[in-house]
Amino acid sequence: MKSFLSVRDLGPDEMRSLVEKASELRDVLDLGGEVEPVLRQRCVANLFFEPSTRTRLSFDLAARRLGADVITFNPETASTSKGESLRDTALTVSSMGVDVLVVRHRDDGVPRAVSEWTGVPVVNAGDGTNEHPTQALVDLVTMQRHFGALEGIHLGIVGDISHSRVAGSLVAAAMSLGVRVTLIAPEHWLPSGVAVPARNDLDGALADLDVVYLLRVQTERGGQISDEYVERFQLGKDRLGSLGEKTIVMHPGPINRGVELSDDVADSPRSHILEQVRNGVPCRMTVLRALVAT
Ligand code: NCD
């Protein structure tokens, strides 16, 4: 694997293999086992032009666990604030002898552009409304570990789907591995031209779902929170009773309590949100390892 820019660049076998390897690594980390420092004397640069907590920190920890040096770019204190272009910033960082660039940006396509400008392996850590491929890997690993297999699981993705890069990667990756996907949102948040079953009534959908995957309303990308949205689509205590026995609740974070989910749901045993976070480190280690192995 030269770069990890889009789940669409990988075939199902390659994606399945990443899921298996990441899940095995999670077991190794849980048991406190040794991990070979395959990134020793290598450098991973985090270029995050948008805010991030779990993605940036988990890449940081993942790289360090593999023995890498890590440098982190902060757009507020860097020369981009003096007018340096994105291309010049990318070329400057890559010229320091960086082995992997981890890139997040508000515009679609920036990680791919950075990989073309620099020739350095790039991981897409979220670009605009396009893709967030390592989050999809995290989510597949979380589901596989809970259900034992991905084939046939019914995943309902709820909320601001049209602005969501998380959904952009997860829908394609999940379907390629045999997961049944239903999109659940008000009409204006359902992406047009996507051949995936969709509905606008959460109440009618819940009983049949194995995973209720909630999304944050992307207010920074034009999504607007309304009372009607909260009323119709918030997963609250009253709706928990409609879930099947093994059904879990997932969310990529950051969560907005009181909007897409209530406190009771966020803190209930149904919630696998912190389990997703926990899977973030082995997943990102697996991706970094795949990049340096080629
Ligand atoms: C998401 C993102 O930034 O795309 N968060 C994440 O990386 N876990 C989702 C979001 O911001 O809503």
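How many aromatic pairs does the structure hold?

Analyst: Happy to take you through it. This is a predicted model, and the structure holds three aromatic pairs. Trp-189 belongs to the loop between β6 (180–184) and β7 (198–199), while Tyr-229 belongs to helix α8 (residues 227–233), so the pair ties together parts that are 40 residues apart in sequence. As for solvent, Trp-189 and Tyr-229 are both buried.

Tyr-229 also has a partner in Phe-233. Here the ring centres are 5.4 Å apart with the planes at 15°, and planes under 30 degrees apart count as stacked, so this pair is stacked. Helix α8 carries both Tyr-229 and Phe-233, which sit four residues apart, about one turn of the helix. Phe-233 is buried, as is Tyr-229. Put together, Trp-189, Tyr-229 and Phe-233 form one aromatic cluster.

Rolling a probe the size of a water molecule over the atoms shows where empty space is left. The largest pocket has a volume of about 390 Å³. Its lining counts 21 residues, and the closest to the centre are Arg-104, Arg-165, Arg-216, Gly-253 and Pro-254. Helices α2 (54–65) and α6 (165–176) each contribute at least two residues to this lining. Sorted by class, the lining of the largest pocket has nine polar, seven charged and five nonpolar residues.

The second largest pocket holds about 230 Å³ of space. Around it are 14 lining residues, with Arg-8, Ala-167, Gly-168, Pro-191 and Val-194 nearest its centre. Helix α6 turns up again here: it gives the largest share of the lining of the second largest pocket, three residues. By class, this lining has seven nonpolar, five polar and two charged residues.

Note on methods. Residues are numbered from 1 along each chain as its sequence is written. This is a predicted model: local features need pLDDT of at least 70, side-chain atom pairs count only at pLDDT 80 or more; totals for chains, interfaces and linings use all residues. Side-chain values use heavy atoms; hydrogens and water are left out. On a 1 Å grid over the protein atoms alone, a cavity is a set of points where a 1.4 Å probe fits but cannot get out, and a pocket is an open set with protein on both sides within 12 Å along at least five of seven lines; lining residues have an atom within 4 Å of a point. Grid points are joined across faces, edges and corners, and a volume is the space filled by probe spheres set on the points. Ala, Val, Leu, Ile, Met, Phe, Trp, Tyr, Cys and Pro count as nonpolar, Asp, Glu, Lys and Arg as charged, and the others, Gly among them, as polar. Rings of Phe, Tyr and Trp (its six-membered ring) pair if their centres lie within 6.5 Å; planes under 30 degrees apart count as stacked, over 60 as edge-to-face and the rest as tilted. Buried means under 20% relative accessible area, exposed over 50%, partly exposed in between (1.4 Å probe, protein chains only).
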